[in-house]
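Colleague: Hi! I'm new to this one, could you walk me through it?
Modeller: Happy to, here it is.

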Amino acid sequence: MNSDLQTIEKHISQEYKYGFVTDIAQETIPAGLDEQVVRLISAKKNEPEWMTRWRLKAYRNWIKMTEPTWAKVKYSPIDYQAISYYSAPIKDSKKLKSLDEVDPEILRTYEKLGIPLEEQKWLAGVAVDAVFDSVSVATTFKEQLNKHGVIFCPFSEAVQKHPELIKKYLGSVVPYTDNFFAALNSAVFSDGSFVYIPKGVRCPMELSTYFRINAANTGQFERTLIIADEGSYVSYLEGCTAPMRDENQLHAAVVELIAHKDATIKYSTVQNWYPGDPKTGKGGIFNFVTKRGICKGDNSKISWTQVETGSAITWKYPSVILKGDHSIGEFYSVALTNNYQQADTGTKMIHIGKNTKSTIISKGISAGYGQNTYRGSVKIMKGAENARNYSQCDSLLIGDKCGAHTFPYIDVRNPTARMEHEASTSTIGEDQLFYSNQRGISTEDAISMIVNGFCKEVFKELPMEFAVEAQKLMEVSLEGSVG
Amino acid sequence: MLEIKNLHVSVEGKPILKGINLTVNAGELHAIMGPNGSGKTTLAQVIAGRDMYEVTDGEIIFDGKNLLKMTPEARALEGVFMSFQYPVVIPGVNITYFLKTAVNAMRKHKGLEELDAIDFLTFIKEKMRLVRMDESYLSRSVNDGFSGGEKKRNEILQMLVLEPRMSVLDETDSGLDIDAVRIVANGLNNFRSKERGFLVITHYQRILGYIDPDYVHVLKNGRIIKSGGKNLALELEEKGYSWLVEEQPIEA
Ligand SMILES: Nc1ncnc2c1ncn2[C@@H]1O[C@H](COP(=O)(O)OP(=O)(O)OP(=O)(O)O)[C@@H](O)[C@H]1O
Ligand SMILES: [Mg+2]
């Protein structure tokens with residue numbers, strides 16, 4: 001028995017492949033946070049006065065807030081004064097007109113990460129915005145998107161070029177008063193992606209952003225805002241990696257989605273931030289993220305799909321406010337915690353409109369000493385006639401030192417609601433591995449087969465090419481060598 | 001082909017097999033019978049390489065190689081197959097994918113080209129017809145929700161697909177209905193050849209009537225206490241095991 005567990009453990013000990021540091025000249029402001037720093041960030045971005053004021057309000061709000069402690073994660077206190085809140089590759093201080101102006105070192109970084117920025121190398125139909133530490137370095141396929149009236153640009157550019165949209169929607173789903181990390185982000189966010197899909201437009205390609213933390217002792221605070229106007233459709237994917245460092249690094253992002261009448265937003269995340277040292281648990285990214293979407297109009301739909309394999313700590317609950325009648329919210333999640341990783345993740349579905357429907361499929365995989373918590377809440381408000389929710393939370397345990405926890409909260413205020421909840425916990429049994437071995441299948445292959453089988457329902461929600469990527473990522477996160 | 005010499009096996013410190021000697025030559029089919037708890041499954045699992053069983057003495061040689069030194073998958077790749085008394089359920093893992101992975105691992109081991117999805121489907125569908133398994137099973141997870149008999153049929157299917165040289169079948173006939181026993185026995189008979197050896201563990205004469213074993217052994221209390229021809233099975237069916245006295249181990 002024991003030796004089998006050892007085999008399993010050997011196979012799941014992973015090596016992080018994206019842990020290198022890019023050596024480029026970067027401008028990093030001194031650590032610490034006060035109003036001056038907030039003003040400085042705003043000034044660096046050349047922001048209009050209204051934006052600076054909004055940041056300051058967020059900051060003043062943040063200093064009155066305390067860090068939440070209800071999540072089932074353990075970490076030593078974060079010293080917010082020890083973090084630098086802005087870091088950028090130096091060449092980037094001026095606006096980039098084309099990819100030729102991007103530091104070749106950065107381009108090489110993205111290539112190493114498997115994200116070629118040069119358009120010709122692109123997987124057909126994927127437009128990419130790449131955020132390197134605090135700034136957005138390149139957005140591909142801009143022209144083609146322009147033709148359809150789609151706006152896909154760095155957040156900072158949107159502040160300059162589309163102030164009316166930013167003013168209208170920024171903080172409309174996640175106000176800076178929402179929570180500690182959202183307030184912090186609102187004060188110091190440096191960049192991120194902005195998407196606007198006009199009425200009736202089906203975005204002609206997948207949009208995607210890759211986030212990369214490079215500099216040491218910096219936090220990454222990006223903001224994403226996606227607006228899908230009436231009858232439009234967009235599928236958006238974000239991916240994330242970071243170098244290996246002994247210190248923990250903070251990543252506190254905010255994502256806001258707005259789906260108008262008959263619009264659909266599909267948002268997928270493949271998160272692979274550095275998880276920390278597999279042996280000691282030292283280092284790794286603290287991933288505290290607030291993601292929320294609102295189905296504003298009737299028949300709108302927001303679907304979150306996340307594959308969370310990285311980070312030392314993951315704290316995120318992509319949620320949907322189902323305001324429009326007949327609107328649909330979905331949450332498909334795979335969260336993997338290996339070695340000393342901890343994840344507390346789930347969703348919130350708030351049913352306000354009539355005949356609203358939500359689906360939650362959560363798959364937690366724990367290995368090593370990993371701790372995995374599903375925390376989900378379904379709220380059916382008084383006026384939400386005939387609301388329906390289906391929730392399914394499955395946990396898979398690999399080895400005997402890890403843990404899985406499930407906290408479903410349900411609040412029903414309308415008697416016509418129909419709720420279904422299913423949960424299961426399973427293990428990869430020594431007998432399953434032996435059975436597979438007896439058929440000539442290696443333990444490695446058997447584990448990845450079982451894990452992929454477990455995640456199938458979620459992977460099928462990802463755009464095709466990323467489903468393959470996610471599957472591979474699971475393999476490297478679990479086995480090190482397969483894939 | 002398979003030589004078991006003076007095999008002693010313990011589980012959690014408790015001796016289960018107490019000196020098994022048994023040789024299965026290519027082309028032979030040996031049946032093993034014996035009361036519950038006598039050590040039949042233990043023997044099968046030790047041949048396959050389950051590591052919860054501790055071999056305290058003796059050896060198992062397969063084609064001149066020391067089987068006990070090999071990992072379970074290495075044994076499988078060399079051509080040792082075991083049909084499980086209790087086949088294991090693997091939820092979420094599609095049976096076609098599972099078998100294709102297994103077949104291609106074998107082919108790779110033999111230096112053959114891997115089968116692509118289409119060739120594999122053609123191949124497996126033909127084998128399914130032999131054991132009269134419906135094609136709809138191909139979309140299901142490994143043994144998930146299978147009835148007892150369906151699981152056993154699936155074991156035989158895997159044997160036919162993997163084409164092992166040495167097959168150890170642990171009570172594959174238990175749980176099969178009367179027709180299924182005949183179907184499985186037919187499948188087995190067609191699969192027999194002078195290159196292949198079989199060790200068939202069973203409690204029932206019925207299947208032996210179809211497959212005509214070359215030898216029948218009685219395992220009791222961790223020892224082979226009697227060996228004989230197929231008539232021994234008939235005798236056992238009639239009289240049970242109690243008339244047999246435990247004597248010195250008999251060489252097969
Ligand atoms: N993991 C284990 N732990 C403790 N005892 C075990 C274990 N595995 C087998 N045994 C014991 O070893 C003995 C032999 O078991 P085995 O399964 O080999 O019997 P069998 O001959 O196959 O019986 P049956 O005809 O009922 O299948 C039994 O007494 C059983 O309880
Ligand atoms: Mg048995």
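Modeller: Let's start with a strand pair: β1 (residues 2-11) and β4 (residues 53-62) of chain B run antiparallel and are joined by eight bridges. Strands here are DSSP runs of E, at least two residues long, helices are runs of H or I of at least four, and both are numbered from the N terminus. Two strands count as paired if DSSP finds at least two bridges between them.

Colleague: Which residue stands opposite B:Glu3?
Modeller: That's B:Ile61, in β4(B).

Colleague: Before we go on, how should I read the model and its numbering?
Modeller: This is a predicted model, where local features need pLDDT of at least 70 and side-chain atom pairs count only at pLDDT 80 or more, while totals for chains, interfaces and linings use all residues. Residues are numbered from 1 along each chain as its sequence is written, chains are lettered from A and ligands numbered from 1 in the order in which they are written, and side-chain values use heavy atoms, with hydrogens and water left out.

Colleague: Back to the strands, what order do they take in the open sheet?
Modeller: The order is β2-β1-β4-β5 in chain B, four strands with antiparallel pairing. β2 and β5 (65-66) of chain B are at the edges with a single partner strand each, so one side of each has no neighbour in the sheet.

Colleague: And what do β11(B) and β12(B) form?
Modeller: A hairpin, with two residues between the strands. B:Asn221 in the turn has a positive phi of about 55 degrees.

Colleague: New topic: which residues come nearest to ligand 1?
Modeller: B:Ile16, B:Gly37, B:Lys40, B:Thr41 and B:Thr42, out of 17 residues around it (near means a heavy atom within 4 Å). α1(B) gives the most to that shell, with three residues.

Colleague: What polar side-chain atoms lie by its oxygen atoms?
Modeller: One belongs to B:Glu171, 3.3 Å from an oxygen atom of ligand 1. The side chain of B:His203 has an N or O atom 2.9 Å from an oxygen atom of ligand 1. For polar contacts with the ligand, the cut-off is a pair of N or O atoms within 3.5 Å.

Colleague: Last one: how many residues does each chain give to the contact?
Modeller: Chain A gives 20 residues and chain B gives 32, with contact meaning heavy atoms within 4.5 Å. The two chains bury about 2,100 Å² between them, 61% of it on carbon and sulfur atoms. Buried area is the accessible area (1.4 Å probe) lost when two parts are put together, summed over both.

Note on methods:
A polar contact is a pair of N or O atoms within 3.5 Å; within protein, one must be able to donate a hydrogen and the other to accept it, and residues adjacent in sequence count only if both atoms are side-chain atoms.
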